[in-house]
Amino acid sequence: YINSFILSSPGFISIFFSLFAIPIHLNILGSENFGNYIFFHLVLSFSFLLSLGIPKSIIIASGRNKNHKKEISFEAIKYTIFITFLIFITHIINEKFFLLNFFKFNQTFLMCGIIISIIYLVLEGILQANKKFVFLSFNNFIFYSFSLSFPSILLIFFKELNLEDLILISIIIKLIVILFVFFILINKKLINKSKKTFLIKTLKINSIWLTLNSFLVQIYEMFDKYLIKILLGSTSLALYSIPQQLTGKLSVLSRGFSSFLMPYLSSGSKLKDYEKTLKIFFCIIPLFIFILFPFYSFILNIWLGDSFKTEILILTKIFSIIAILSSISHILITRFEAEQLSKANFNLEIMFLPIFIIILIIVFLNYNSLIFISLAILIKELVLNIVRILYLNKKLSNKFNNLKIYFINIIFYLLLLLFSFLNLQIFIILLTILIYINVKNVFFN
């Protein structure tokens, strides 16, 4: 678990950067500018889709061909160069003939940001395959967290910076990171020129399903934000993003555990550690979050000052539950990918997709409420978690030992959320019961 926490450490550090950067950005440039700045970085998540499953395939292929990691890494870089070249050519053609302005950002910045993000995802996959967890942790912090928060912090000294200036600074930081990582990979001789095609065999099995899963992630995790930006505006997106920025850091912890477990699960080991990890995310981490619930109002007031609104408090509580369920999803999906069951995960997600879209459309047409939108996301995370864990329990030979406890916890999550608004005394009683159940199950069972 030490390596998992090392990989997750950027999330903890980035919380402090976010706590510092967000109020600065809001107070100097306003919520609309902050909403646009966050939206640009959300758009860069298309890189997960455009990487065509190469990063995860590197880990899977390396786990099954341990003596050929260097050749697999070289093969991955070859394919990545081809993908980024196609994106660059598409950008040139668009600039010369079509002049389409995607998302109303500087198109060159957008193209550079996506290309840099794709390259980093592939380099990240190579580092994971080689189990360079400490080095990966440091670079993840700079690439994802520091590059997002540092430009906002600079506003203290350079108040004349505008949106494009902040985006450019962020892109430059990301570019420096990939150049540094690539230099280290070459220096450590972790890439070996080869004509072998170990990776392509894995890509043939997994690429389409990993890519389609990434497409569903874009819909499930980003569709609400795109609709808010388009229909409700940047100011609403900023209000919606503030609690997500705070609670979403939990996903860095789960991704750290996933990154550590993925290479081992791909080679058929660490199965007991996987079960322990699920226990941690189902039974232990949520307790710490719920203990903080009664203090959320005070914390947000101190943090945001005049920018605080009751709506942000409600959204923060809802997004806390979403973050818990989302983190559990990362752990479950890691098992799907390691067992080469990405197609099955895609089928599960695609079945729920029409219902999710219909719910979102109804909410937008009838309520235009950020709270109702967040509740729709909560329903989505809840359903997909239940479906995934039931499927894995049925499909895998080693069944989950704590299935009943997992479902009891999910019920308590919802009850605690409800009574955190309705009755503090009942909330405390329910939380005490849950602490007793989970401590007994984790430490004395």
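Tutor: Buried residues, meaning those under 20% relative accessible area with a 1.4 Å probe and protein chains only (exposed is over 50%, partly exposed in between), make up 57% of the 445 residues in the protein chain. This is a predicted model, in which local features need pLDDT of at least 70, side-chain atom pairs count only at pLDDT 80 or more, and totals for chains, interfaces and linings use all residues. Residues are numbered from 1 along each chain as its sequence is written, and side-chain values use heavy atoms, with hydrogens and water left out.

Student: How do you know whether the radius of gyration of the protein chain agrees with that of a compact globule?

Tutor: The radius is taken over C-alpha atoms, and the globule rule is 2.2 Å times the number of residues to the power 0.38. For 445 residues a compact globule would have a value near 22 Å, and the protein chain has 22 Å, so the two agree.

Student: Why is the pair of F282 and Y406 called stacked?

Tutor: A search of the whole structure finds 17 aromatic pairs. Rings of Phe, Tyr and Trp (its six-membered ring) pair if their centres lie within 6.5 Å, and planes under 30 degrees apart count as stacked, over 60 as edge-to-face and the rest as tilted. The ring centres of F282 and Y406 are 4.3 Å apart and their planes stand at 15 degrees, so this pair is stacked. Because F282 lies in helix α11 (residues 271-292) and Y406 in helix α16 (residues 403-422), the pair ties together parts that are 124 residues apart in sequence.

Student: How do you know whether F282 and Y406 are buried or exposed?

Tutor: F282 has a relative accessible area of 2%, and is therefore buried; Y406, with 1%, is buried as well.

Student: What makes F293 and F427 a stacked pair?

Tutor: Their rings are 6.1 Å apart centre to centre, with 5 degrees between the planes. F293 lies in the loop between α11 and α12 (296-304) and F427 in helix α17 (residues 424-443), so this pair ties together parts that are 134 residues apart in sequence.

Student: Why is F97 called exposed?

Tutor: F97, which lies in helix α4 (residues 69-98), has 59% relative accessibility and therefore counts as exposed.

Technical notes:
Helix = DSSP H or I, 4+ residues; strand = E, 2+ residues; numbered from the N terminus.
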